[in-house]
Amino acid sequence: MKITTLKNPKVLLGKFFGILFWLLLFSLYFINQKPQNLVVFLDVGQGDATLIQNGNVQVLIDGGPDRSILYELPKYMPFFDRKIEYLVLTHPHEDHIKGFLYVLENYEVGQILYYPVCYENNSYKSLLQSGVNIREVFAGDSISLESLNINIIWPRVEKYNKGECIKPWNNNINNDSLVMEFEFLEKKYLLMGDSEKEVEKILLKEKIISNKYHVLKAGHHCSKTSSSETFLEFVSPTYVICSAGIKNKFGHPSSETLKTFDSLGSILSEYVVHS
Ligand SMILES: [Zn+2]
């Protein structure tokens with residue numbers, strides 16, 4: 001005959017309160033986790049994703065090529081913060097847009113901002129039909145957070161009729177990337193999206209940019225089609241970020257471009273190169 005004995009109820013109760021205590025402690029830790037103000041170039045492989053966090057407000061500029069964004073965001077966002085206020089799409093190439101679809105499945109999103117360039121792509125279609133509030137932005141617009149203004153300086157448009165898309169200006173939508181500048185945490189940032197030398201030329205010629213930035217997220221993953229010497233000389237960045245995946249099929253970053261960085265004496269303190 002099998003005899004079962006009841007465990008001492010006091011021991012069971014003790015264990016229960018023990019577990020409860022640890023659960024409470026963990027919850028308190030996460031609730032009190034203060035969001036850090038930061039700008040971080042996320043490790044998303046071959047693509048772009050930049051997180052700007054100001055208190056509890058997040059601006060995510062591009063989402064990278066896949067779901068790696070979902071592993072990156074929790075490293076910087078507070079545990080209980082499941083809302084990203086702004087998703088900003090620089091342009092609809094897969095290495096910038098695809099990750100946004102995963103973000104939309106996993107986070108509440110306040111608003112999507114984008115430049116309405118004409119482009120056929122399923123991810124683009126899904127993003128625009130996601131039901132999230134959408135705002136078209138152009139040079140002259142800005143994203144205003146409490147102590148931070150993200151200024152959009154490219155592309156510009158003469159006239160825009162709501163609901164229409166705008167043809168790429170030189171048949172290369174890299175050059176229709178949103179280009180942004182802002183000052184945050186006492187540093188000046190210039191984010192070039194995937195824009196190339198043609199855009200750099202205009203920004204210089206028309207004196208749209210200033211001549212000193214601490215951080216330059218170089219255009220088009222530091223390919224040789226971006227970062228002309230004249231442009232770099234003028235921008236004179238202290239840090240240059242090349243957001244590219246290690247051993248990617250496009251050969252980013254280009255050794256030629258890296259040589260230009262070196263020759264100009266930029267303090268190239270960090271590459272964002274992902275595996
Ligand atoms: Zn790209």
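A: **The annotated domain**

UniProt, in an unreviewed entry, places the feature "domain: Metallo-beta-lactamase" at residues 43-239. UniProt positions follow the numbering used here, feature names are shortened, and annotations may be inferred rather than shown by experiment. Residues are numbered from 1 along each chain as its sequence is written. This is a predicted model: local features need pLDDT of at least 70, side-chain atom pairs count only at pLDDT 80 or more, and totals for chains, interfaces and linings use all residues.

Over residues 43-239 the chain is 21% helix and 27% strand. The end C-alpha atoms of this stretch are 17 Å apart. Helices (H or I, at least four residues) and strands (E, at least two) are DSSP runs, numbered from the N terminus. The protein has 7 helices and 14 strands. Its C-alpha trace spans about 90 × 45 × 40 Å along the principal axes.

Start with the open sheet. It has 6 strands in the order β1-β2-β3-β4-β5-β6, with mixed pairing. Two strands pair if DSSP finds at least two bridges between them. The edge strands are β1 (38-41) and β6 (134-136), and each pairs on one side only. From one strand to the next, the twist averages 20°.

Strands β4 (residues 83-89) and β5 (residues 108-114) run parallel, joined by 6 bridges. Leu89 has Tyr114 in β5 as its bridge partner. Helix α3 (residues 94-106) lies across β3 (57-61), β4 and β5. It runs at about 160° to β4. Axes here are lines fitted to C-alpha atoms, for helices over the stretch in contact, and angles run from 0 to 180 degrees between N-to-C directions.

Next, burial. A residue is buried if 20 or more other C-beta atoms lie within 10 Å of its own, exposed if 12 or fewer, and partly exposed in between; C-beta atoms are placed from the backbone. By that count, 37% of the 275 residues of the protein are buried. In soluble globular proteins, nonpolar side chains tend to be buried together. The largest nonpolar core here has 55 residues. Such a core is a set of buried Ala, Val, Leu, Ile, Met, Phe, Trp, Tyr and Cys residues joined through C-beta atoms within 7 Å. Leu60, Leu87, Val179 and Met180 have the most contacts inside it.

Two residues are in contact if their C-beta atoms, placed from the backbone, lie within 7 Å. Leaving aside neighbours within four places in sequence, Leu60 contacts Ala49, Leu51, Ile84, Leu87 and Val103. Across the protein, 65% of the contacts with a separation of 6 or more join residues 24 or more positions apart.

Ile143 lies in strand β7 (residues 142-145). It counts as buried because 21 C-beta neighbours fall inside 10 Å. Residues up to four places away aside, Ile143 touches Val59, Tyr86, Leu113 and Ile150. Pro116 is 27 residues from Ile143 in sequence and 17 Å from it in space, C-alpha to C-alpha.

Now the antiparallel strands. 3 bridges join β8 (148-154) to β9 (179-184), which run antiparallel. Trp154 stands opposite Val179 in β9. β9 also runs antiparallel to strand β10 (residues 187-191), through 5 bridges. Glu183 has Lys188 in β10 as its bridge partner. The hairpin of β9 and β10 has 2 residues between the strands, and Leu185 takes a positive phi near 50° there.

Helix α5 (residues 197-205) has the buried residues Val199, Glu200 and Leu203. These cover an arc of only 100° around the axis, so they sit on the same side of α5. The arc is that of the directions from the helix axis to the C-beta atoms. What covers them includes β8, β9 and α6 (229-235). Lys207 follows α5, with a positive phi near 50°.

Finally, helix α7 (residues 255-264). Its Thr257, Thr260 and Phe261 are buried. They too cover an arc of only 100° around the axis, which puts them on the same side of α7. An α-helix has 3.6 residues a turn, so residues three or four places apart point the same way. The buried residues of α7 pack against α6 and β12 (239-241). The face turned away from the buried side carries the exposed residues Ser255, Glu256, Lys259, Asp262 and Ser263. Just after α7, Gly265 takes a positive phi of about 75°.
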